[in-house]
Amino acid sequence: MEAVLNSTTTYLPTPRHLSSTHSSPLPFSLSFRERRRKFSPKQASVLRVFASSQAAPASSAAVTIPSQMKAWVYGDYGGVDVLKFDTAVSVPPVKEDQVLIKVVAAALNPVDAKRRQGKFKATDSPLPTVPGYDVAGVVVKVGSQVKELKEGDEVYGDINEKALDGPKQFGSFAEYTAVEEKLLALKPKNLDFVQAAGLPLAIETAYEGLERTGFSAGKSILVLGGAGGVGSLVIQLAKQVFGASRVAATSSTAKLELLKSLGADLTIDYTKENFEDMAEKFDVVYDAVGQCDKAVKVVKEGGSVVALTGAVTPPGFRFVVTSNGEVLKKLNPYLESGKVKPVVDPKGPFPFSQVVEAFSYVETSRATGKIVIHPIP
Ligand SMILES: NC(=O)c1ccc[n+]([C@@H]2O[C@H](COP(=O)([O-])OP(=O)(O)OC[C@H]3O[C@@H](n4cnc5c(N)ncnc54)[C@H](OP(=O)(O)O)[C@@H]3O)[C@@H](O)[C@H]2O)c1
C-alpha cells in the first residue's frame, strides 16, 4: 500500500498542451452535436444544454481555447450504459466569478454514480449532464470578477458548491470545466494532478464533518469505512490536524495495514469483528458506510455520530458537504508537509476512455482511497 501513498505520477503542463488549432466565442446556448447519434443510438438525436446565464467578459486568453471538447455525457438517468463519450461538446461559458480549467485529472465520487442513477433528480440540474465533481488542472481563462487566480495557475477543487442542489451540467469528466474561483485552491506543490484530483470532495467532507462534531485535541474517534475516499482522510485529519488522542477505524482484512499507515491506533476487521460489540466508546463516530444504527451504540454519552449515508439514528446527524476552496487552502500546509497524504486507488488512474469502468468500480464500494481519471486528452 506504501506505493499507493507515494504515487509519483507526474504531469508537467506546458503551453503546448493547452493550445488548440481553432477558436470561437463561447456560446450562450450549448449544443451537443448530431454526431452524438453515433455514440448514443437509443437517445434523442440532439441534446441541448442552455447555460443559466450569459458568458461573462473574460480577460484575454494567453492560449487558444477551442469551442468544442471531448467529454463524457449522459442524457438519461440509469446504469453505466447511459454514459456516452462525445467528441463535440461545447466548452462551457465562463461567468464573471469563474475560471475555465483545462482538466488534467478528475476523480470519481459515489455521488457521481448516485446522481447518474437519478437519486437526486428532484434537485439536480437539467439533463444532459457531463458528470464529475473533483478536478485538478490549469486555469486557461478568468472571468472579469476573478480576483486571485490567473491563467497558468495549477488548481484543484470540487466544482459544485452544493453537492446535491443544482450541481453543474458541465462537470469535470471533460477537457474543460468552468468553476467559481471560491471553490478552488492552488494545487499543493508536492502533489501531482492525479493526487490532487482525488482530494477535494472527500477532504472537504472529512473536514466539515469533524468540524460539525466540534472535534478537538484529545478526543477519540471511530471511523467506519476507513479505507474509502472520505474515511482515509478522516483518519488523517483527526490525527494530524485536530489532534485526536485515539483513532479507530474499520475495513476488511486486506486494508488493515493501510489504516495503520494512515494513523489508526486500532484497526477493526469488519469481516471478523462487530465494532458495535466493543466495550470501548468514542467521543465521535464518523460513519462513511451507512451503519448509523450500530454506530450510536459505541459513542460516549454526549458524543457525536456523523452519518454520511444511509438511515440516520439519533443522536446521529447527516450533513451534505459544501465545497469551499478556503478549506483546501487551510489544509495546504498539512498536504505540502506530507502530514496528510492523498490515497489513490492502485487500480487507477483510469484513462479517459475508461470512465465507464471507473463508474462500475466506484459502485462496488470497494475502492481504496480515490478513483482518479487521467490522462484527459
Ligand atoms: N453527505 C455527504 O456530504 C457525503 C460526502 C461524501 C460522501 N458521502 C457518502 O459517504 C459514503 C462514503 O463515501 P466514500 O467516497 O468514502 O466512498 P468509497 O470511497 O466508495 O468507499 C469505499 C470503501 O468503503 C469501505 N467499506 C465498504 N463497506 C464497508 C463496511 N461494511 N465496513 C467498513 N468499510 C466498508 C470499503 O472497504 P472494504 O473494501 O474493506 O470493504 C472501501 O474501501 C458514500 O455513500 C458517499 O455517497 C456523503
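The predictor's confidence in each residue is expressed as pLDDT, on a scale from 0 to 100. The structure shown is a predicted model. Its protein has a mean pLDDT of 87, and 84% of the residues reach 70 or more. Residues 1-61 have a pLDDT below 50, and this stretch has 106 contacts in the model beyond near neighbours in sequence.

The interior may be considered next. In soluble globular proteins, nonpolar side chains tend to be buried together. Here the largest nonpolar core comprises 113 residues, among which Ala 197 and Ile 373 touch the most other members. Strand S5, spanning residues 98-108, supplies the largest share of this core, with nine residues. Because domain 1 (2-199 + 342-373) and domain 2 (201-307) both contribute residues to the core, it lies between them. Leaving aside residues up to four places away in sequence, Ile 373 touches Ala 105, Ala 106, Ala 107 and Leu 108, together with Phe 173, Pro 349, Phe 350, Phe 352, Val 355 and Ala 358.

The ligand site also involves both domains: domain 1 (2-199 + 342-373) and domain 2 (201-307) each provide at least three residues to the shell around the ligand. Of the 29 residues around the ligand, those that come nearest are Pro 110, Gly 228, Gly 229, Ser 252 and Thr 309. Two or more residues of the shell come from each of helix H4 (110-116), helix H6 (200-212), helix H7 (229-241) and strand S11 (246-251). H7 gives the most, with three residues.

Technical notes: Residues numbered from 1 in each chain as written. Predicted model: local features only at pLDDT ≥ 70, side-chain atom pairs only at ≥ 80, totals over all residues. Near = placed C-beta within 6 Å. Helix = DSSP H or I, 4+ residues; strand = E, 2+ residues; numbered from the N terminus. Domains from an automatic or database assignment. Contact = placed C-beta atoms within 7 Å. Core = buried A, V, L, I, M, F, W, Y, C linked by C-beta atoms within 7 Å. Buried ≥ 20, exposed ≤ 12 C-beta atoms within 10 Å, placed from the backbone.
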